[in-house]
Amino acid sequence: MLRCGPGRVVVTDGEAVGQVRVGGSRAGEVSSEAFDLRQEHEASERERRLARRRRLVEQLQGEGLLFVFVVVFVLMWVSSPYFFTKNNLLTAASVVSVLGIMAVVETLVVIGGEIDISVGSVMAATSVLIGLMVTSGWNVWLATVVGLLFAAGVGAVNGVITVYFKINSLVTTLGTYSIFLGLAYALSNTTTVSIGGEGFSVLGSGSVGSVPVPVFFFIGVWIVGAVLARHTAVGRHVYATGDNYDAAVRSGVQADLLRVGLFVAMGLASGLAGVIVTSELGSAAPQIGDPYLLSVVTAVILGGASLRGGRGTMVGTLVAVAILGVLQNGFALLQFSTYLEDTVLGTLLILAVLTDRLVRRAER
Amino acid sequence: MSGDTASAGPVLEARNVSRTFGSVIALSDVNLEVRPGEVVGLVGDNGAGKSTLLKILCGALQPSSGQLLVRGEPVTFHSPKDSRGRGIEVVYQDLALATELSIVENIFLGRERRRAGILGRAGFLDRAAMARDAKESLDSLAIEISDVEARCGLLSGGQRQAVAVARAVRWGSRVLLLDEPTAALAVMEADKIGGLVNEVASQGVGVVLVSHNMPQVHQLCHRILVLLRGRIVADLRRDEIKVEDIVMWITGAALASR
């Protein structure tokens, strides 16, 4: 058997084969004679055309969303004299902020390649838990902190089951959705517990100037989310994890820890949403989370985040949340059936997913 | 490659490396060395042990016995992170690029540069510095990509491969392990990657190239190691052989005719 090893030193004249040119060559420029000039020219021309088309499609997707917002906004404006009033817009903003807080974090979860549909259930369970603690004599703020810790804990459970037992997050969170909604109804006997406390009601129904407090929570969470996504290493890692998990791991990204972290953040945001609604209503109730499963996911997908992961922006989610806010408000003002609201949301969700599909196809 | 690299010691060396999976012997008593500036081809039929050897060299697998040395110093790699720390980088067959991220973001993925001061400690990125650095990395390999902020999904297969190589070169100061770098590429683009490999080697990096493309292996590699059923059966010098000879060794025909 031959062995390779020392003693056979190889020296070759390592002259580089001309200049290395990889794609993107400027048309008309003389290239190394190693390649067929015409062929290369045509190939790069095709590449550029494709790149232009991809950019155009992306632009259209972003601007299309803004266009939808303007259309919906103007439609409501002409349909109802009450719509474009300061009070109504502030109320609408306050209502949609609860959805917005969760949508921001859900956007990160979806960019990271996962989904959490347990949000409404975590809201409800947090609310009921706080209610139970307050009725048994706990301080309302202490109860709130424990409630938030509980919500983060549920997120951790979602994350650990999904990541370390490799279960599809849709299934994991469908399971926890059912578990905690069931518990919320059972433990509350489906009854509403009123929660007093002067300070506590500020979280949901207080206002600074004329701006409702929930709006500040939403803006705060949104800014943190936007900065995290765009300007930090963690944000880049979230995109990379959702886009190409193996590549992220090979590059040294702590993708698993990151995903668990996303679920914990999602739990915490759901808990916060539950606290705000509880404060606003002045009572703990298991029904409060019901509308949010559909609306949160719709906002995120409508905002351009892709269920395949790796793609999504906070600006997109913000516009989508605004669209849903206007729609919700409009339905109330025009006294349309709230059941039809679900129908509209469902339609939007499917349209958004179809758009994403078309965009991806255009990019191939 | 300049003359003095020949006298330099091996930058990466495997001594008597074996690896078994249960009762299956994947690698048996393999010796390999790569010198700075040298391109070593690793060829063999499917299942001959090429991937196993490459994984051992980058720390993705651990040898059952034997020793790895980097610049003459014995090392143990528990994971690819350890080998990266020693200046060894891998370019995988499936590229391992995140297509939704830009070229810069891919080159710095997992090793992002942060801003100076308190913002940096809070995790803020220094995008400008990373863009400059990425541009320099591409320029040093004469890769012509005008916009380093472009999404990798917008690049052609060859351009993506070039980015993957540039990233590996950016971080792998000593050894570059290439796993079928041109398998998915058109002939023209494969040629360009070949040019890149030459360029990298001329900068003094040791290269191990795993490939099924025999003409390319013959063209690029200074030495060619042939694996057959987990053993290295030949250590061929490029200038002493023809392409057909490599195939003879791979199939074992050369061995039989001795």
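Helices H2(A) and H7(A) are roughly parallel to each other, because the angle between them falls under 35 degrees. The model is a predicted one. Two packed helices are described by the angle between their axes and the distance between the axes. Here, H2 (residues 86-111) and H7 (residues 213-231) of chain A pack at about 20 degrees, and their axes are 8 Å apart. Their crossing is left-handed.

The residues that meet can be picked out on both helices. H2(A) contributes, among them, Ala93(A), Ser97(A), Ile101(A), Val104(A) and Leu108(A). From H7(A) come residues including Pro214(A), Phe218(A), Trp222(A), Gly225(A) and Ala229(A). By class, the residues of this contact are 13 nonpolar and 5 polar, with no charged ones.

Chain A has 364 residues, of which 46% are buried. Among its contacts with a separation of 6 or more, 78% are between residues 24 or more positions apart.

Chain B holds an open sheet of 4 strands, in the order E2-E1-E4-E5, with antiparallel pairing. Strand E2 (24-34) and strand E5 (73-75) of chain B are the edges, each pairing on one side only. From one strand to the next, the twist averages 30 degrees. Strand E1 (residues 12-21) of chain B is joined to E2(B) by 7 bridges, and the two run antiparallel. Within E2(B), Leu32(B) is the residue opposite Ala14(B). Helix H2 (residues 50-58) of chain B packs on the sheet and touches E1 and E2 of that chain. The direction of this helix makes about 120 degrees with that of E1(B).

Key
Residues numbered from 1 in each chain as written. Chains lettered and ligands numbered in written order. Predicted model: local features only at pLDDT ≥ 70, side-chain atom pairs only at ≥ 80, totals over all residues. Pairing = 2+ DSSP bridges. Axes fitted to C-alpha atoms, helices over the stretch in contact; angles between N-to-C directions. Contact = placed C-beta atoms within 7 Å. Buried ≥ 20, exposed ≤ 12 C-beta atoms within 10 Å, placed from the backbone. Parallel < 35°, antiparallel > 145°, perpendicular 65-115°, else oblique. Left-handed = near helix turned anticlockwise from the far one by under 90°. Nonpolar A, V, L, I, M, F, W, Y, C, P; charged D, E, K, R; others polar.
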